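Trainee: I am new to this structure and would like to learn how to read its features with care. Could we take them one at a time, with the general idea before the case?

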Amino acid sequence: MSQVLLIDYGASRIKSILYNSIDDQPIALFESAGSFIKYGNYSKIPGSFFSKSLILHLDYYSDKISILRKDCDLKIYLCSEMHGFCLLEQDSFNSTFYYSWRFKEKSTDSALEILNNRGFYSKTRMISRAGLPVVNILARSLNNELGTNSTFLTLPQLICRELGDHYNLACKTLLHSSGFYTDLGAKEDTLDITGIDLPISFPSPIDDYQKPLGFIAYKSNRYNLYLGFGDLQAAFLGSNLAQNEILINIGTGSQIISNSRNNSTFGLEERPFFNNEKLKCVTHIPAGRFLNSWCKFYDTLNSNNNFWKELSQLTYEDLEGFNIDIKFDLYLDSESEYFEQIDDLTSSNSRITPKVLLASLMISFCNQYLSYLEDSISKNSRIILGGGIPNKVPVIADIIEKKMKRKVRIKKNEHDLTLIGLRDFINRGS
């Protein structure tokens, strides 16, 4: 028998759950701050942050782990936010950093132009954008800042390297999200994708998910680490959706996802799933991080303001009448200047009450999703809202339901969809 630790390395929260047996009820849960909360946007992150976070979680469970019988074991199953990487250069093996999709190298625009001219989308079925590993590494190469004989690591590999050793294997869901792999993560093809023979060694796609990616050492014990797949796939699996259902997953970030067999046409990208299945999706839609920035701004406007409480109480009737246009593109380009404009607008127009401001925000927030979904969903498809934000702010479901003229269901779960997905994957024995 093995104890099982499931852990999701999210941007805002690192969440874990411990089972004595995967078929039983969990015996404990824990969470700690994620890399975005600790280091913010645009920063390179010390590799040790992730390994220390795992130790923090293991320490929390240590009294429950220490009672294991000698014939028992602890197995660690992991998923993480996607589009991040660590690049170990030959002369810097003792100084490792992790770069999330929020990091942007110089010469990013030049790198994007090269990739697009070489047909990046047709080769990877993924939209090129700033922050992808292939973009950051190609930009570094264009700046003559790329060392020789480098090793590319995904986050699970980095953790194993910091605490034990890795076997140069990675899940195709994370490999595909790097931008260096074709065939939806099955084949590394750097030269064809970038046009440059980069001096980097890449991991091999794991072909058997019951094999460990590596191991970590903890209190004189050695524990294997498994899976290491993307949080997008974990959340979709944890949603347990039918073929005719579409998930709008709204958490720290957000995505629209369906099985590729769904007849709807909203999907801009394809991502690898399991058992040779594919997902179609729209990714990188501003969500929880955007709303948290709004929370800080809104609560400074008036000492009586309470952003999340007021949002949770907002009704569809509150949206009717006078509203203002919240321009997301302006916010994403320059957050501070954007909020200054909103502040000036509220000061000069007495009609813009706190409720009008929040109603306008929610309409514009939901319009992100509606812009992809309207006229793009098959008549038999149902919309499911998952993640923490729809449960906090139920008016989101009301807006999408009214605009789409079809029933929208909020998926209520005791645990995060990613952790449910990890457990479901283990239970089905894939």
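Mentor: A salt bridge is a side-chain nitrogen of Lys or Arg within 4 Å of a carboxyl oxygen of Asp or Glu. This is a predicted model, in which local features need pLDDT of at least 70 and side-chain atom pairs count only at pLDDT 80 or more, while totals for chains, interfaces and linings use all residues. Residues are numbered from 1 along each chain as its sequence is written, and side-chain values use heavy atoms, with hydrogens and water left out.

Trainee: How many salt bridges does the structure hold, and which residues are linked in a network of them?

Mentor: The structure holds 20 salt bridges, and D8, R13, K15, E31 and D416 are linked in a network of such contacts. Within it, the side chains of E31 and R13 meet at 2.9 Å, N to O. That pair links distant parts of the chain, with E31 in strand 3 (residues 28-33) and R13 in strand 2 (residues 13-19), 18 residues apart. Here helices (H or I, at least four residues) and strands (E, at least two) are DSSP runs, numbered from the N terminus.

Trainee: Which residue forms a salt bridge with E245, and is E245 buried or exposed?

Mentor: Buried means under 20% relative accessible area, exposed means over 50%, and partly exposed lies in between, with a 1.4 Å probe and protein chains only. The partner of E245 is R382, the closest N and O atoms being 3.1 Å apart. This pair, too, links distant parts of the chain, since E245 is in strand 17 (residues 245-250) and R382 in strand 21 (residues 382-386), 137 residues apart. E245 counts as buried because its relative accessibility is 7%, whereas R382, at 43%, counts as partly exposed.

Trainee: How should I read a helix, and which residues of helix 2 are buried?

Mentor: An α-helix has 3.6 residues a turn, so residues three or four places apart point the same way. In helix 2 (residues 48-60), the buried residues are F49, F50, S51, S53, L54, H57 and L58. The expected span of a helix is 1.5 Å times one less than its number of residues; helix 2 has 13 residues and reaches 18 Å from its first C-alpha to its last, close to the 18 Å expected.

Trainee: Where does E340 lie?

Mentor: E340 lies in helix 14, which covers residues 335-348.
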